Amino acid sequence: MTERKPASPPLPAQADKAHDRPARRGKNGDGAERHDAIYRSISDAIIEHRLKPGARLREDALSEVFGVSRTGIRKILQRLALEQLVTLTPRRGASVTRPTADEAKDVFEARQMVECGLMPEVARRITAADVRELRDMASRERRALRAGEQSVAIKLSAAFHERLAKLSGNATLAEFVARLCSRSSLILAVYGSAGHLGCESHDHDELIRFLEEGNGERAKAFMSRHLKTIESSLSIVEEADEVPDLHSIFSA
């Protein structure tokens, strides 16, 4: 009978490699769910003004902060760039988009043309269930403003406008409105006044009333005034670029 030799212990170098090797990444690593969570974290930090316009977003630093590969971070930054929350520049990398006065004007002009134009169709298609949903959204937005949660109110306001666009039944225009609202959220977060969104807190309720009545033309005119009031409330002041402390911003 042949005597079995005891298994050889791993070489020191091999042991070190096994110890240093990162755990397999599943949903908490480079998976789609993890990417979505990181995307929301960065997006929220931009809207909440923790990451200011012009702030550089280094791939290696974000990779270290979130514990995912640089390839994964690059994909997330590209997604944010599509929504124009982030600007990608050759040889410089990514930075938080800094809206200019001209860009803010272009965004609100586009919203005027698209959102106002959708109101008659929304008034024709809206249901009682839709009205209840919109009133709930408007109520949550008011509560956020009263509580001083400016960033939350901005996101709720954008969600309200996006929902209105979807009720038109035109998926292509609704997607375009969603992108415009995303850009508007950044503009409002950076250049808006604290404590309000540039409009009266009951504006959305008034708009809902016209839509519920089926009065598309009144809703269209009201939407136009609503957007002009928001735009006129902006106070655009240029700021210098900064290098943010990403560990501090995204620490638990």
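**Spaces and cores**

The strands β1 (56-57), β2 (86-89) and β3, together with the helix α4, each supply at least two residues of the lining of the second largest pocket. Helices (H or I, at least four residues) and strands (E, at least two) are DSSP runs, numbered from the N terminus. This is a predicted model, in which local features need pLDDT of at least 70 and side-chain atom pairs count only at pLDDT 80 or more, while totals for chains, interfaces and linings use all residues. Residues are numbered from 1 along each chain as its sequence is written, and side-chain values use heavy atoms, with hydrogens and water left out.

**Pockets**

- On a 1 Å grid over the protein atoms alone, a pocket is an open set of points with protein on both sides within 12 Å along at least five of seven lines, and a cavity is a set where a 1.4 Å probe fits but cannot get out; lining residues have an atom within 4 Å of a point.
- Grid points are joined across faces, edges and corners, and a volume is the space filled by probe spheres set on the points.
- The second largest pocket holds about 170 Å³ of space.
- Its lining has 13 residues, and L57, E59, R92, G93 and A94 lie nearest its centre.
- The largest share of this lining, four residues, comes from α4.
- By type, the lining of the second largest pocket has four nonpolar, three polar and six charged residues.
- Here Ala, Val, Leu, Ile, Met, Phe, Trp, Tyr, Cys and Pro count as nonpolar, Asp, Glu, Lys and Arg as charged, and the others, Gly among them, as polar.
- The largest pocket holds about 380 Å³, and of its 17 lining residues Y39, S43, E83, E162 and S182 lie nearest the centre.
- α2, α7 and α8 each supply at least two residues of the lining of the largest pocket, which divides into eight nonpolar, three polar and six charged residues.

**Cavities**

- There are three cavities of 30 Å³ or more, and the largest cavity holds about 70 Å³ of space.
- Residues lining the largest cavity include R111, H161, C181 and I230.
- α7 (150-167) and α8 (171-191) each supply at least two residues of this lining.
- The lining of the largest cavity has five nonpolar residues, four polar and one charged.
- C181 is also buried (under 20% relative accessible area, with exposed over 50% and partly exposed in between; 1.4 Å probe, protein chains only), at a relative accessible area of 1%.

**Nonpolar cores**

- A nonpolar core is a set of buried Ala, Val, Leu, Ile, Met, Phe, Trp, Tyr and Cys residues joined through side-chain atoms within 4.5 Å.
- The largest such core has 38 residues, and I42, L51, L57, L62 and F250 have the most contacts inside it.
- Its largest share, seven residues, comes from α8.
- A second, separate core has 27 residues, among them M119, A165, L207 and F222.
- L57 touches L51, L62, L77, V86, A94, S95, V96 and L246, not counting residues up to four places away in sequence; contact means heavy atoms within 4.5 Å.

**Helix α3**

- The buried residues of α3 are E59, A61, L62, S63 and F66.
- These residues pack against α2, β1, α4 and α11.
- After α3 comes G67, whose phi is positive, near 70 degrees.
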